[in-house]
Amino acid sequence: MMKMKKQNFTRVSEFFLLGLSDDPEWQPLIFGLFLLMYLVTILGNLLIILVVSSDPHLHTPMYFFLSNLSLADIGFTSTTIPKMMVDIHTHSRVISYEGCVTQMSIFTLFGCLDNLFLTAMAYDRFVAICHPLHYSAIMNPGLCGLLVLVSFFISLLYSQLHSLMVSQLTFFMYVEIPHFFCDPSQLFNLACSDTSTNNVLIYFMGAILGGVPLTGIFFSYTRIVSATLRVSSTVGKYKAFSTCGSHLSVVCLFYGTALGVYLSSVASHSPKKSAVASVMYTVVTPMLNPFIYCLRNRDIKRAMQKFLRRTA
C-alpha cells in the first residue's frame, strides 16, 4: 500500500492534453479551422506591424502601442495553436512537464501584456483628448518606451509566479488536462496537493492585474466622454470618438470574451465546455483585432493601401 501510494505521487514527467473533441471525425475539421484562424491572426497582426513601421505618419504613441499589442497577440496565439495542430496531426496528446510549465508561463506572459497594452492605449487616448496641448510633452518617446518595459516586467513577474507555484504542486502519475493547452486553472484543479494558498494568491494577483487596468480604462473613458460632450462642434465630437472607437471595440472584445469564459466555466462546471469557450479569447480575439483597426481606423486603412501598392 505504501509502495503504491509512493508510486502514484511520484513527480509527473508528462501530461495528456485532451483537446476540444475526442471524436476522430472532428479532428480534420478542427485542424483546418484552427490553421486558417492562426494564419489569419499571424498575417493580420504582422501586416499591422509592417504598415505602422513603414509609414512615418503612424510613428505616434497610439500606433506604437498598437504594434506592441499586435506583437503580443502573435505570441499569445503561437503559444497554444501550433502545439494543438501538431497533436492532431501526429495523433499524440502528450506534453512534457517542462513543456507544459513553459507553455503556461509564456501564455500568461502574453495574456498579461495584452491587458497592460490596452491600458496604456487608453491612457494615450485620455491624454490626447483631455490634454491635447500637453500631449507631445506627456506622451514622449521616453514615457512610451518605459510603459512598454514596465508592462513586460510586470507580465514576466506574473508568469514566473505561476510557474513557481505549479512547480510546487504534486500530481498523480497519469494526468489528463481537459483542454487544448496547459491552462493554469486546470493545473491547479488537477493537483493532488493542497492548492488553497495558491488559489488565494492567484485570485489576488489576478484581481490586481485585471481590476487595476480595467479601472484605469474605465476612468480614462469616463473623462474622455465627459470632455467630448463639452465640445460644441458635432464634427469635433465625431473626430474625438472616432479616434477611440477601434480601441474601445478591442477592449470590449478582450474583456467581454474573458468574462464570458469565466462565467461559462462557473455556470457549467464542465471543463470541456470551458475549453471550447476559451477559444474565443485565445484565438478569436487576437484574430479580430487587426480587422477592427483596419475597418474602423482611416489612418491605418490609408497607410495599408499605400503599403500594399508599394509591395504589389
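Q: Is Cys 182 buried or exposed?
A: Cys 182 is buried, because its relative accessible area is 0%. Buried means under 20% relative accessible area, exposed over 50%, and partly exposed in between, with a 1.4 Å probe and protein chains only. Keep in mind that this is a predicted model, where local features need pLDDT of at least 70 and side-chain atom pairs count only at pLDDT 80 or more, while totals for chains, interfaces and linings use all residues. Residues are numbered from 1 along each chain as its sequence is written, and side-chain values use heavy atoms, with hydrogens and water left out.

Q: Thanks! Which residue does Cys 182 form a disulfide with?
A: Cys 182 forms a disulfide with Cys 100, and their sulfur atoms are 2.0 Å apart. The rule for a disulfide is a pair of cysteine sulfur atoms within 2.5 Å, and by that rule the count comes to one.

Q: And what is the handedness of the link between Cys 100 and Cys 182?
A: The link is left-handed, with -125° about the S-S bond.

Q: Which parts does the pair tie together?
A: Cys 100 lies in helix H5 and Cys 182 in the loop between strand E3 (176-177) and helix H8 (184-190), so the pair ties together parts that are 82 residues apart in sequence. Helices (H or I, at least four residues) and strands (E, at least two) are DSSP runs, numbered from the N terminus. Cys 100 also counts as buried, at 0% relative accessibility.

Q: What about Cys 112, how far away is the nearest cysteine sulfur?
A: For Cys 112, which is in no disulfide, the nearest cysteine sulfur is that of Cys 182, 19 Å away. Cys 112 counts as buried because its relative accessibility is 6%. Cys 244 is in no disulfide either; there the nearest cysteine sulfur belongs to Cys 130, 8.8 Å away. Cys 244 is buried too, with a relative accessible area of 3%.

Q: Back to H5. How many of its residues are buried?
A: H5 is mostly covered, with 27 of its 34 residues buried.

Q: What span should H5 have, at 1.5 Å a residue?
A: The 34 residues of H5 should span 50 Å, and its end C-alpha atoms are 50 Å apart, which agrees. The expected span is 1.5 Å times one less than the number of residues. Helix H9 (residues 196-229) agrees as well: its 34 residues should span 50 Å, and its end C-alpha atoms are 48 Å apart.

Q: Which residues touch the most other members of the largest nonpolar core?
A: Ile 48, Leu 66, Leu 118 and Ile 300 do, out of 42 residues in that core. Such a core is a set of buried Ala, Val, Leu, Ile, Met, Phe, Trp, Tyr and Cys residues joined through side-chain atoms within 4.5 Å. The largest share of this core, eleven residues, comes from H5.

Q: Nice. New topic: where does Phe 172 lie?
A: Phe 172 lies in the loop between helix H7 (141-167) and E3. Phe 172 counts as partly exposed, at 39% relative accessibility. Phe 172 and Leu 190 are 18 residues apart in sequence and 8.7 Å apart in space, C-alpha to C-alpha.
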